[in-house]
Amino acid sequence: MDQGIVSAGTFLFNVLLARAIPLESYGHFAIVIGILALMQAGCGSLIFYPLSVRGAAQDEVGRKNLIVSVIALAPMILLPMAAILSLGFAWLVDPNLLLPTFAMLAASQVQELMRRGLLTEFRYLSAIPGDILSFFGQAAVLTLVSHRIGMTLPIALWIMAATSLIGAVAQWSQLSLGSARLLPRRQMMADFWSIGHWSLTTNVLGIGRTMCLPWLLVALSGPSLAGAFQIGMNLVNVVNPIVFGVCNVVPQLASRAMRGGYRAAWGASWPSIAAGLPIVGGFVALLMIAPSEILALVYGSRADPAMLVGPIRILAIGAMFYYVGSTVCAYLHGVLGGRDALIADVIATLAMAVAGPVLVGLYGLKGACLALLAAFAIRSSVLIVYTVIRLRSDNVQRPVGNLEHRETAG
């Protein structure tokens, strides 16, 4: 339910924005969110993922100490992000968008940190009110402002920043961290880096694989085609509540079960992974059967079926590989198998580096979707192979505690 609220609010906002601004400006929005996703990979890998793994294995006092220590650590990540963001905008996007984009980035990461604090305690129900304020709030404010004064991309980014802060305040009030104390920063940073550096590289490669495609489309065909690619991705991203919902649970489940080894961790994880398969498969089938009708329902006359039907079907097939790869990767991260996940992402990224420019150059929008499908298929296949290798080599019992995870060969 919680992830459905997050993804549904994001989907609504993206669709309403696509209806409210020109396709060329929406192409710039696609570039903006690509750069932001790369920046968010830093917090996600070095803060949120280690917090989830370590926090899930702590008692209540230790977990609260960890959460408040992570909150104190966040500014050290956001400042380097600001510098990298400035370079990206000076190169790829209008520099005038830098201030509202950084405000949105900082606010969204603060809100996500509060949300992750609740999820680390498995308080998914408690996270819902703040997520409603943040994600459905941005869609509601966008609708109101569009009718009153019109909509531009900078205004949309300020709206996202404001509603994220409102959601963060609501979730902060639910964490009850008044009695928590700060942990030694140096030790915590070293521990988080030891866990998160594999995930950081993996996430950057994963986001870069997808977001290089609108950049290639802008370079070769202009921002309008990048906007069309984002329109197609918005539809396929409807599976994200299932993907992210499962991936938010699996690392904690696997981490808690690791005292019994890889097979016990997989046994705790696979029911959640299997539960999402028929839902994702059903939606993929719907996109394959009726892409024109879905486009008309969501975008009205703003979308050109002749341009988008073929690409949407390709992206729908890719969504199945995306679900399988993402959930298996979540299991590997839960058992501290980040190195294996990284190898899979390197292989998929190399495939994209070779195929992406060629396919986009030859086939435009459809070529971008084919390149993404190939990358998802390769990544999921390699991740499955590494998971099977770990399960077959599982002959070591492992303790689980504050800092007691250990890697073994294989």
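A polar contact is a pair of N or O atoms within 3.5 Å; within protein, one must be able to donate a hydrogen and the other to accept it. The model shown in these views is predicted.

**View 1. The side chains of D131 and R115 make a polar contact.** The distance is 2.9 Å. That value falls within the 3.5 Å cut-off. R115 is also one of the residues that D131 touches.

**View 2. D131 is found in helix α5.** This helix covers residues 124–148. D131 counts as buried, because its relative accessibility is 0% and buried means under 20%.

**View 3. D131 touches residues from other parts of the sequence.** Leaving out residues up to four places away, the list includes D2, I5 and V6. Q111, F136 and Q171 are also among them.

**View 4. The protein chain has 14 helices and zero strands.** From the N terminus on, the elements run α-α-α-α-α-α-α-α-α-α-α-α-α-α. The radius of gyration is 21 Å, close to the 22 Å that the globule rule gives for 410 residues, so the chain is as compact as a globular protein of that length. Its C-alpha atoms fill a box of roughly 55 × 45 × 35 Å along the principal axes.

**View 5. Buried residues make up 54% of the 410 residues in the protein chain.** Of the contacts with a separation of 6 or more, 83% come from residues 24 or more positions apart. The accessible surface comes to about 16,700 Å². Carbon and sulfur atoms account for 70% of that surface.

**View 6. The protein chain carries 24 positive and 16 negative side chains.** The centres of the two sets lie 4 Å apart.

Key
Residues are numbered from 1 along each chain as its sequence is written. This is a predicted model: local features need pLDDT of at least 70, side-chain atom pairs count only at pLDDT 80 or more; totals for chains, interfaces and linings use all residues. Side-chain values use heavy atoms; hydrogens and water are left out. Helices (H or I, at least four residues) and strands (E, at least two) are DSSP runs, numbered from the N terminus. The radius of gyration is taken over C-alpha atoms; the globule rule is 2.2 Å times the number of residues to the power 0.38. Buried means under 20% relative accessible area, exposed over 50%, partly exposed in between (1.4 Å probe, protein chains only). Contact means heavy atoms within 4.5 Å. Accessible areas come from the Shrake-Rupley method with a 1.4 Å probe; for residues, only the protein chains shown count as cover. Lys and Arg count as positive and Asp and Glu as negative; His and the chain ends are not counted. The place of a charge is taken as NZ of Lys, CZ of Arg, CG of Asp or CD of Glu.
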